[in-house]
Amino acid sequence: MSEGIERLARNLWRSDSAEATERLGELLAPILEEGDVVILEGDLGAGKTQFVKGVARGLGADGEVTSPTFNLLSSHEGGRLALHHMDLYRLADEGELGEAGALDVVGIDGAALVEWGEPFADALAPERLELTIVRDDATAGIPDREPSRRIAIRGVGERGEEMARALDRLGYR
Ligand SMILES: Nc1ncnc2c1ncn2[C@@H]1O[C@H](COP(=O)(O)OP(=O)(O)OP(=O)(O)O)[C@@H](O)[C@H]1O
Ligand SMILES: [Mg+2]
């Protein structure tokens, strides 16, 4: 396994650095297939965008993955699959998903990675992978040190469970 990223238990990982969280995204990339949806949960600054950067690297997607300020959707082509990166933090209700262009791509084209997508998860995709990133209590509060992160994985629906199992298998070594 790569430096800084460790599988602690079934569907549970620990990441010691931003780069390690990216690495987990890079490990997920080859598992993703056309129409797959990944929902990313976690507080502001938890590492959701960092994870998406790793997926982009793993897919070979063009362009830099950033935190979108006004546009809810940014699409990155050029890789093995298109990467549709969404941040729904500012989305007030489900009705706005169509306007944002989400319904044209999520679950249809490429892989969709959706930050703050939990309230809209059922509307977006019945089958999906869900990641929750939290700061690790055991390392929080140590001066001058970023707390490590716990990353919990949940597969919803048949395809979601398949993705979760495939990622989990990569942590056995
Ligand atoms: N183990 C870690 N995993 C991920 N990020 C980490 C880790 N340790 C430190 N960081 C830092 O935490 C920050 C995570 O920022 P990021 O933009 O990925 O968060 P986010 O969850 O997308 O937040 P937002 O909800 O604002 O979009 C970065 O500055 C990153 O360098
Ligand atoms: Mg973000």
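Predicted model: local features only at pLDDT ≥ 70, side-chain atom pairs only at ≥ 80, totals over all residues.
Q: How are two packed helices described?
A: In general, the angle between their axes and the distance between the axes describe two packed helices. Here, helix α1 (residues 18–28) and helix α2 (residues 48–59) have axes that come within 6 Å and cross at roughly 45°.

Q: What is the handedness of the crossing of α1 and α2, and which residues make the contact?
A: The crossing is right-handed. On the α1 side, the contact is made by A18, T21, E22, R23, L24, G25, E26 and L28. Facing them from α2 are Q50, F51, V52, K53, G54, V55, R57 and G58. Sorted by class, this contact has six nonpolar, five polar and five charged residues.

Q: Is α1 mostly covered or uncovered?
A: The idea is to count C-beta atoms around each residue: 20 or more others within 10 Å make it buried. By that test α1 is mostly covered, with eight of its 11 residues buried. They are A20, T21, E22, R23, L24, G25, L27 and L28. These buried residues pack against β1 (5–9), β2 (12–15), α2, β8 (149–156) and α6 (157–169).

Q: Which residues come nearest to ligand 1?
A: A18, T21, G47, K48 and T49 do, out of 20 residues around the ligand. Both α1 and α2 contribute to this shell, each with at least two residues. By class, the shell has four nonpolar, 10 polar and six charged residues.

Q: Which residues other than glycine have a positive phi?
A: Two examples are worth a look. N11 has phi near 60° and sits in the loop between β1 and β2. W116 has phi near 55°, and its place is the loop between β6 (111–115) and α5.

Q: Where is A123 found, and what is A123 in contact with?
A: A123 is in helix α5 (residues 121–124). Leaving aside neighbours within four places in sequence, A123 is in contact with E94 and L97. With 15 other C-beta atoms within 10 Å, A123 is partly exposed. From A123 to L81 there are 42 residues in sequence and 23 Å in space, C-alpha to C-alpha.

Conventions: Residues numbered from 1 in each chain as written. Chains lettered and ligands numbered in written order. Axes fitted to C-alpha atoms, helices over the stretch in contact; angles between N-to-C directions. Helix = DSSP H or I, 4+ residues; strand = E, 2+ residues; numbered from the N terminus. Left-handed = near helix turned anticlockwise from the far one by under 90°. Contact = placed C-beta atoms within 7 Å. Nonpolar A, V, L, I, M, F, W, Y, C, P; charged D, E, K, R; others polar. Near = placed C-beta within 6 Å. Buried ≥ 20, exposed ≤ 12 C-beta atoms within 10 Å, placed from the backbone.
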